[in-house]
Amino acid sequence: MSTITNSTNIFWQECQIGKPDRQKLLNQKGCVVWITGLSGSGKSTLACSLGRELHTRGKLSYVLDGDNLRHGLNKDLGFKPEDRTENIRRTGEVAKLFADAGLICVASLISPYRRDRDACRAMLPDANFIEVFMNMPLQLCEARDPKGLYKLARSGKIKGFTGIDDPYEPPLNCEIEIKQENGVCPTPTAMAGQVVSYLENKGFLRS
Ligand SMILES: Nc1ncnc2c1ncn2[C@@H]1O[C@H](COP(=O)(O)OS(=O)(=O)O)[C@@H](OP(=O)(O)O)[C@H]1O
Ligand SMILES: Nc1ncnc2c1ncn2[C@@H]1O[C@H](COP(=O)(O)OP(=O)(O)O)[C@@H](O)[C@H]1O
């Protein structure tokens, strides 16, 4: 991530009401839950299920989904490595703002490159970046293929598709790993439950 800025003569503006005040109001702690994994691994499913579970518990969250962001904020970006890097950087910055607002921000993007995810982690105080790895086999994701993209990638109609002809670098230091047990994928509710338990144990669900 570049730390170079093109602006000069800029100053940080402090306000009287800060993150601790907002957290107190919301009775929770702002953080980023960053879900990474292959296309079709269940990132959006987990993000939605988690959002629903937190809402039920009276906790304010917001989902930043890669696909959705590419309809607006990131619509100028493609899938070249430098575009993916910029996609992740922008999303990291937005997620950081949501966390500062006191929300539990759930970012759900393939984010295939370790360096880009680590750069987002570095934007936040360490414990406030919770990396969730959807550790699902490529064969399962490809068998699901809900958008038919793997089929297009295998036939060469999409170039640079993650897992096929573009790399996915699994996390080395994630906080949560979601994986199959005895060849069975946990249900969406169980996946969300795993994340909620983590948030609860680490004190994010109280101020
Ligand atoms: N070349 C290539 N590689 C990977 N994915 C592709 C590609 N082209 C289009 N798509 C679709 O874009 C969705 C991924 O967007 P992301 O912003 O999460 O990608 S990234 O983090 O910048 O790698 C991804 O959504 P999910 O399937 O939900 O992961 C795909 O539907
Ligand atoms: N835990 C799960 N159990 C069964 N099917 C799932 C599960 N998670 C996701 N799926 C299914 O797999 C497909 C891909 O899930 P999705 O959340 O869109 O993945 P991603 O966002 O990583 O591309 C969808 O059809 C979804 O219904």
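This is a predicted model: local features need pLDDT of at least 70, side-chain atom pairs count only at pLDDT 80 or more; totals for chains, interfaces and linings use all residues.
A polar contact of 2.7 Å joins the side chains of glutamate 131 and arginine 117. Is glutamate 131 buried or exposed? Its relative accessible area is 1%, and under 20% counts as buried, so glutamate 131 is buried. Leaving out residues up to four places away in sequence, glutamate 131 touches Trp34, Thr36, Arg117, Arg121, Pro171, Asn173, Cys174, Glu175 and Ile176.

Glutamate 131 belongs to strand E4. Of the seven residues in E4, six are buried, so the strand is largely enclosed by the rest of the structure.

The next step is to see what E4 belongs to. Five strands make up an open sheet, in the order E2-E3-E1-E4-E5, with parallel pairing. The edges are taken by strand E2 (61–65) and strand E5 (176–179); each has a single partner strand, so one side of each has no neighbour in the sheet. On average, and ignoring direction, neighbouring strands of the sheet are turned by 20° against each other.

E4 has a partner on either side in that order. Strand E1, residues 31–36, pairs with E4, residues 129–135, in the parallel sense over five bridges. One of the residues involved is isoleucine 35, whose bridge partner in E4 is valine 132. The pairing of E4 with E5 is parallel too, over four bridges. Here phenylalanine 133 has glutamate 177 as its bridge partner in E5, and methionine 134 stands opposite isoleucine 178.

In a regular strand, side chains alternate between the two faces of the sheet. E5 has one covered face, with Ile176 and Ile178, and one uncovered face, with Glu177 and Lys179.

Helices lie against the strands. Helix H5, residues 114–123, lies across E1 and E4 and runs at about 155° to E4. Helix H8, residues 188–201, lies across E1, strand E3 (104–108), E4 and E5, and its angle to E5 is about 165°.

Now consider the nonpolar residues. In soluble globular proteins, nonpolar side chains tend to be buried together. The largest nonpolar core here has 31 residues, and Val33, Leu46 and Leu199 touch the most other members. Two or more residues come from each of E1, helix H2 (43–56), E3, E4, helix H7 (149–154), E5 and H8. Which element gives the most to this core? H8 does, with six residues. Apart from neighbours within four places in sequence, leucine 199 is in contact with Cys31, Val33, Leu54, Ile104, Ile130, Phe204 and Leu205.

Isoleucine 88 sits in helix H4, residues 81–100. With a relative accessibility of 2%, isoleucine 88 is buried. Beyond residues up to four places away in sequence, isoleucine 88 touches Trp34, Leu109, Ser111, Asp116, Arg117 and Cys120. Two of these residues, Trp34 and Arg117, are also among the residues that glutamate 131 touches. Isoleucine 88 and arginine 70 are 18 residues apart in sequence, and their C-alpha atoms are 11 Å apart in space.

Most residues other than glycine have a negative phi. Asparagine 27 has a positive phi, near 50°. Where is asparagine 27 found? Its place is in the loop between helix H1 (19–26) and E1. Asparagine 27 is partly exposed, with a relative accessible area of 37%. Asparagine 182 likewise has a positive phi, of about 50°, without being a glycine. This residue lies in the loop between E5 and H8. At 81% relative accessibility, asparagine 182 counts as exposed.

Finally, there is a record that covers much of the ground above. An unreviewed UniProt entry places the feature "domain: APS kinase" at residues 29–179. In the model, the C-alpha atoms at the ends of that span lie 27 Å apart. The span is 40% helix and 18% strand.

Technical notes: Residues are numbered from 1 along each chain as its sequence is written. Chains are lettered from A and ligands numbered from 1 in the order in which they are written. Side-chain values use heavy atoms; hydrogens and water are left out. UniProt positions are given in the numbering used here, feature names are shortened, and annotations may be inferred rather than shown by experiment. Two strands pair if DSSP finds at least two bridges between them. Axes are lines fitted to C-alpha atoms, for helices over the stretch in contact, and angles run from 0 to 180 degrees between N-to-C directions. Contact means heavy atoms within 4.5 Å. A nonpolar core is a set of buried Ala, Val, Leu, Ile, Met, Phe, Trp, Tyr and Cys residues joined through side-chain atoms within 4.5 Å. Buried means under 20% relative accessible area, exposed over 50%, partly exposed in between (1.4 Å probe, protein chains only). A polar contact is a pair of N or O atoms within 3.5 Å; within protein, one must be able to donate a hydrogen and the other to accept it, and residues adjacent in sequence count only if both atoms are side-chain atoms.
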